[in-house]
Amino acid sequence: MKKLSWFAFFLLFFASCLDDPDCYQLHNDFVGVTFRVMGTGKGDSVFVKNFTTDKFEHKPSFLYQINYFEEKGTFSFEAPQDKTNFLSFAYTVKNQFISEDCGSAFVLSGLHILGHDLDSARVINATPSKGSGTNIEIYRCPETDTMTIDFNQLYATSDGVIITNKTSRHVSHQFESITTDFSGIVFTGPGTTINLPVDTTKNETTFTFKTGETTNTLVVTYNLVTEQRYRPCGIQTFVNELAIKEHTFDSVSFGLNANDEPARTLEDPHIANLRVFDCPSTNLMQVNFISSDGAAKSVTIKSITADHVAGDLLEKPYTNTTVTLPVDLASSASTFYIKYANDTVDTLRVTYTNTGLQLYHACPDPVINGLVESPDVSNINVITNSTVLKFPPAPNVEITVN
Amino acid sequence: MSRLRLINISLLSLLSTLAFSQKSDSVRADSVIKHSFIPTGVRVGTDLISLFKTQFQDDFNGWEVNADVDFHRYYLAIDYGAGSRTFLSDTSGNYSNDGTYWRVGVDVNLLLKDPDRNMVFFGARYGKANFSQDLTVLAWNQFTNSREYLEYHDGSVNAHWIELTGGLRVKIWRAMWMGYTARFKFGLQSDDTENIIPSDVPGYGRTNKDSYWGFNYQIFVRIPVRKPPPVTYKLKKKKKKV
């Protein structure tokens, strides 16, 4: 038994000596570059051309393959609008024979920066990798005058007595323009989270948001601190103690910073300083069109008018299986006149109960329930168990059309 | 390679058998050897594997001389050798080295009561090598779309390392001894060379791992310098019958 143990022990000795080296990715010729913002040191997503793929990419870090037949190189960071920065570096290349099958490996080390025109850069790992990790960190000066706003839609469910499922979701708005009182238009187009400049020459900025026919304003005040925090950035003006002076949105509140405190300081990378909330509409009644067999039926509607609304509710003829109509919150009854393509008209009159229940403190519109059709018309029915108006709208009324 | 492995394993089994059969023949449980730290002899030998590889392996050329001196159960061990290796790669270049090395250390014999001084031992060594190396590289440069040929030479490279050892020494016939030494080598440090990172260090072996196993089959001649202390036996007390 003792002899057998010795035999097995030395057999294992030999087995351990006989494995072949791995030929995969022999050279450590990759340099990882990570972009960060000075101060917080947080990662920064930059939009530059990846010269490996020759495409502009929005990424917080890049991995570049460097030439092991040279001992220096230059990264050229090309941003849109022909803005280009460079970073020159050098390294040591040695060779090591790995095996007859694999050949030689180029072993790179001693990576160091020769020069750059960036705000700041440093080597954190002088040994290039075989395809992962960070070797060089590039820091940029923080933008100190940028306030971030995100837009949200509030939701809640109610039967007219209790309120449940209070939630909010980011929502995109199509902005015709966002202007400031010191620099004109600063943003156009769709946006969910928008970065806006504040005036660093005074302690207050007024923003005007135009979306369709709606115009909202927001006035913020703040404190300015001018000092040199980061040597490469020189003297900068920092904004803190942000406050909401006035606004015309449904609701505006502060976003939270990493400490779960109101984000009253403008930070970079940007976090939402302000959150704008849209109240849920409580007066939207959904009407479905069905055929006599109960199947959904698409209809073309020329116009929809209502006693409580001036003009046509439709801007142009509309073809669909469903339409959403706003009931009059100031009354307990609403009447709509739906004119079809063949000029026939259905008159939809509903009565309902204004419960006085508000879904949110900041949202004054009450919950509507007890929806009934009055008077009873043979081809119009209020759907059983759907007498509460909801947001987003749910089917409340069915109109049978031929 | 597989034939060499078979021979290795066969020799191992043979030596193990010899060692343990001798022990069982000659050692009595009640034997005692008088402690003495004065050396009784010098054992000088050579590594058979190196000689065998030099003869039959094209890419290796080398020899190794081993010697030890006993100080009771402790043995001062000294090795000196030379080696050169050539690695040829058809597609991407060649590597070769040539140099000498030495090791010095202590072995501890676990068999204290063996009158023939057979050894089962463990120990440690410090090893140092000096060698030259050459490397040629044939590689594709993807940045210039061309094939590059590079040639490097290092004239004098120093390397040192540590070994943990274990093995056997068995008296075969008169002054003839055989044995094997297994070496666990680690902590290799070499000079900061300009262009080539050593792929192989004489006396150490391949450098692509943090640790490396080595093995020697050795044949020795023991030159006695004095008579070893005698083996005595304890007298057993006879139990009195009541």
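**Reading the model step by step**

Mentor: Read along the sequence, chain B follows the pattern α-β-β-α-β-β-β-β-β-β-β-β-β-β, where helices (H or I, at least four residues) and strands (E, at least two) are DSSP runs, numbered from the N terminus. This is a predicted model, in which local features need pLDDT of at least 70 and side-chain atom pairs count only at pLDDT 80 or more, while totals for chains, interfaces and linings use all residues. Residues are numbered from 1 along each chain as its sequence is written, and chains are lettered from A and ligands numbered from 1 in the order in which they are written.

Trainee: How many helices and strands are there in chain B?

Mentor: Chain B has 2 helices and 12 strands.

Trainee: Which strands of chain B close into a barrel, and in what order?

Mentor: Two strands pair if DSSP finds at least two bridges between them. In chain B, 8 strands close into a barrel in the order β2-β3-β4-β5-β6-β7-β8-β11, with antiparallel pairing, and the twist from one strand to the next averages 25°. Within chain B, strand β5 (residues 93–109) and strand β6 (residues 119–141) run antiparallel and are joined by 15 bridges; Asp107(B), for instance, has Gly123(B) in β6(B) as its bridge partner.

Trainee: Where does helix α2 of chain B lie?

Mentor: For such angles, axes are lines fitted to C-alpha atoms, for helices over the stretch in contact, and the angles run from 0 to 180 degrees between N-to-C directions. Helix α2 (residues 48–56) of chain B lies across β2 (41–47), β3 (60–71), β4 (74–89) and β11 (211–224) of chain B, and runs at about 170° to β3(B).

Trainee: In which sense, parallel or antiparallel, do β20 and β28 of chain A run?

Mentor: Strand β20 (residues 284–290) and strand β28 (residues 395–400) of chain A run parallel and are joined by 5 bridges, and Asn288(A) has Glu398(A) in β28(A) as its bridge partner. On the other hand, strand β27 (residues 380–382) of chain A pairs with β28(A) in the antiparallel sense over 3 bridges, where Ile380(A) has Ile399(A) as its bridge partner.

Trainee: How many residues are in the largest nonpolar core?

Mentor: In soluble globular proteins, nonpolar side chains tend to be buried together. A nonpolar core is a set of buried Ala, Val, Leu, Ile, Met, Phe, Trp, Tyr and Cys residues joined through C-beta atoms within 7 Å; a residue is buried if 20 or more other C-beta atoms lie within 10 Å of its own, exposed if 12 or fewer, and partly exposed in between, with C-beta atoms placed from the backbone. Here the largest core has 38 residues, and those with the most contacts inside it include Ile149(A), Met285(A) and Leu389(A). Its largest share, 5 residues, comes from strand β10 (residues 146–158) of chain A.

Trainee: Is Glu213(A) buried or exposed, and why?

Mentor: Glu213(A) counts as exposed because it has 6 C-beta neighbours inside 10 Å, and its place is in the loop between β15 (204–211) and β16 (214–227) of chain A. Lys302(A), found in strand β21 (residues 299–306) of chain A, counts as partly exposed because it has 16 C-beta neighbours inside 10 Å. Lys302(A) and Ala341(A) are 39 residues apart in sequence, with 5.5 Å between their C-alpha atoms.

How values were computed
Contact = placed C-beta atoms within 7 Å.
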